[in-house]
Amino acid sequence: MFRTYYFSEMPYPYTPTLEFAEVARTTMPTRWFDPDAAHDVYHKYFDLVLAADDIGLDVMFNEHHETMSNMDAAMPLSMAIAARETRRARILALGNPVANRPDPVRVATEMAMIDVVSEGRLDCGFVRGVSYEMSATNARPTDMKPRLYEAIDLIVKAWTSHDGPFNWEGEFFHHRQVNIVPRPFQQPHPPIWVTTLSPSSAVEIAERGYTIATIFNGKKVCGEIFDAYRVELARLGRPEAHPDKFAYSNFVFVGESDEEALAAAPKLLDFLRQSRRLAPGQTDVPGYIDARARAAALAESGASNPNRGLTQGLGDPLALAETGVAFWGSPESVFAQMRDFFYAVGGYGNLCGMFHASTMSYTTTRRSMELFAREVLPRFREEVYEPWLKEHGLKSTIGTSGDAERSMDISAEAGFVSPPAGVH
Amino acid sequence: MQREERTIGECHVDIAHYGAGSPVVVLHGEYGVTFAEEFLEMLGSHHEVVVPHHPGWAGSSRPTHVETMRDVALVQQEILEGFATPVPVIGLSLGGWVAAEVAATCPGLVASLVLVSPIGIKVGGREDRDFVDIYVTAADQRRGLLSSTPGPPMDAARALEMATAEEAVARYCWSPYMHDPGLRHRLRRITAPTLVLSGSDDRFVRRPDYFETYARLIGEGATHRRIDGAGHNVEEEMPHDVVAIVNEFVAQEMPAAAGR
């Protein structure tokens, strides 16, 4: 079943504007942060998570650090709130920055707790983390890819070992007597997602059989990334991937009319505007970016300027809908944009929609989510997604959102070996 | 300039040779030899200048087990072991850190030691930064912290050398930042007569007492000399002066060194 995960970056939206402070991320002094105001917006964001659950959508969380553009600095805590307070929505972490976090066993434990408290509704994503947040854990920017994958391997082993403690003395992590409690609810373990912005990274994700997720890059580049995944599967002689192995994130807003929807565009686009207000030196991190790529930039400009283009237009909202950076408009328009995007990228099964950003109200956001869930999503499933599955001979999974069934179905299709139910 | 490749364990070391005369080894700094060529050529008119590139810098490979500055120093130690007699060593900034490690681990390999703006120890307290954090410095301003000399014009080859060098520095120097907490306790083992040279206008090392502390921790055989008007990479900004100082120091210490 095609899933739509609601998310918000959970911003603290009251920072000084560009005219007063060029840098908004990472180094902005927290004297600009009012905990009392933040209290209100945190609760608005958790109310919107409950709204998504209520409306029939799923929910996603992501983590950033030292920035007022995203107050979800410890994502497992938000997920824990959702695990207890939501009833049916799947809870996606996109994701745990395990190339940065020093203790993968702790991450495995946190995720297992969420999975058990939510009765198996966790989708567990892992990410490399952005270059400008190395200082969040002070992890070294070299060898991040192998470190990410060793962490994931240790986490999966911690989730799936049930015969007593095991040892781990790897290249990056050492841990004696790993024996986590609780064990995850989903068997053999929660679905794993990994994000990427490049086709070359899709190869390993495909080889491991994880769900691949990408963000904001539009039809063409997203299509290239998904194709690289498919090509690798073919190269390995494996069957065609189910579309639920593919995920895309962008802005989503549905209004009664195109005009009404596009009126919300500036606030959603403000997320990108704030995201670019970066401190010097923090995007151009040696090791994080391959030496050859950095050399090309160095040779060309002699400098990297993360704030280049800050005051330039972010693009005409209609053009952004055309390329797939956003799905916004009337229900009819959003349906058409989603349909076109779906075919352009060869099909996908998960949309992570940034329905909320900036100072958008609970009311405005909820109305958009309701229109989407009522007027767009069912029609998209019926007219685009399910027919596509049938045409490709893939299992149709019509059902209500958030069915725990889904993980079992998908596990079987993905080739996970499910042990017999019950205690071993 | 001539190139030699030598294999040290799993590491292929690219060694540059400048000039002719009695050998001195120069352990390069953060940017390899990219900006130090003038100094090396000048020194080469008085000595054979041997410059083994640290593992991870352009030319030398980095076996995956070479992860720390002490691993780098062990490779350089083996290079020095290849000389028949103790040899004068000049260390430039990060190369000074490597030189100090080698001289402390194997004191007998080093006839005399010139450390130009050596890094690698921490003098300040836990909330102090001895060095400017280059990772919150705009990329186009990082070089300016070290030196006011523009160096050769940027081209693709130069850019790749610099990007490779910056990645090596990130690997070895990220955290603890630009130092090894244990080194200050090992410096006392250095027996070679040592000159610590620094500039009065160093924009990278923030503590005015950093280099005199370095010399003091080495002990009685070490002196500190400050060059007025020079920044961090003194050998780039004032190559003539540094060559003259090095020649004088090496000459004066050689008779004593030969007797060890």
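**Entry 1: terms and overview**

I count two residues as in contact if their C-beta atoms, placed from the backbone, lie within 7 Å. I note that the model is predicted.

I looked up the make-up of chain A first. Its secondary structure comes to 13 helices and 11 strands. Chain A has 424 residues, and buried residues make up 47% of them. I then took the contacts in chain A between residues at least 6 apart in sequence; 75% of these join residues at least 24 apart.

**Entry 2: helix H12 of chain A**

I followed H12(A) along its residues, 362–391, and found a bend of about 40° at Arg381(A). After H12(A) comes Gly393(A), which has a positive phi, near 65°.

Which residues of H12(A) are buried? I listed Thr365(A), Arg366(A), Ser368(A), Met369(A), Leu371(A), Phe372(A), Val376(A), Leu377(A), Phe380(A), Tyr385(A) and Leu389(A). I also recalled that an α-helix has 3.6 residues a turn, so residues three or four places apart point the same way.

Next I asked what covers the buried residues of H12(A).

**Entry 3: H11 against H12 in chain A**

Two packed helices are described by the angle between their axes and the distance between the axes. For H11(A) and H12(A) I have an angle of about 40° and axes 10 Å apart. That angle makes H11(A) oblique to H12(A). Their crossing is right-handed.

From H11(A), the contact uses Pro331(A), Val334(A), Phe335(A), Met338(A), Arg339(A) and Phe342(A). From H12(A), it uses Leu371(A), Glu375(A), Val376(A), Arg379(A), Phe380(A) and Val384(A). By class I have nine nonpolar, no polar and three charged residues in this contact. I noticed that Leu371(A), Val376(A) and Phe380(A) are in this contact and are also among the buried residues of H12(A).

**Entry 4: H3 and its two partners in chain A**

On the H2(A) side, the contact is made by Pro76(A), Met79(A), Ala80(A), Ala83(A) and Arg84(A). On the H3(A) side, Glu110(A), Ile114(A) and Val117(A) take part. The contact of H2(A) with H3(A) has six nonpolar, no polar and two charged residues.

The other partner is H4(A), residues 144–160; its axis comes within 9 Å of that of H3(A), and the two cross at roughly 50°. H3(A) and H4(A) are therefore oblique to each other. This crossing is right-handed.

Here H3(A) brings Pro104(A), Val105(A), Val107(A), Ala108(A) and Ala112(A). They meet Ala151(A), Leu154(A), Ile155(A), Ala158(A) and Trp159(A) of H4(A). I sorted this contact by class and got 10 nonpolar, no polar and no charged residues.

**Entry 5: chain B against chain A**

How many residues does each chain give to the contact? I have 21 from chain B and 21 from chain A. On the side of chain B that touches chain A, the elements giving two or more residues are H4(B) (139–146) and H5(B) (156–173). H5(B) gives the most to that side, with 11 residues. By class, that side of chain B has 13 nonpolar, three polar and five charged residues.

Terms used:
Residues numbered from 1 in each chain as written. Chains lettered and ligands numbered in written order. Predicted model: local features only at pLDDT ≥ 70, side-chain atom pairs only at ≥ 80, totals over all residues. Bend = angle between axes of the 7 residues up to and from the residue. Helix = DSSP H or I, 4+ residues; strand = E, 2+ residues; numbered from the N terminus. Buried ≥ 20, exposed ≤ 12 C-beta atoms within 10 Å, placed from the backbone. Nonpolar A, V, L, I, M, F, W, Y, C, P; charged D, E, K, R; others polar. Axes fitted to C-alpha atoms, helices over the stretch in contact; angles between N-to-C directions. Parallel < 35°, antiparallel > 145°, perpendicular 65-115°, else oblique. Left-handed = near helix turned anticlockwise from the far one by under 90°.
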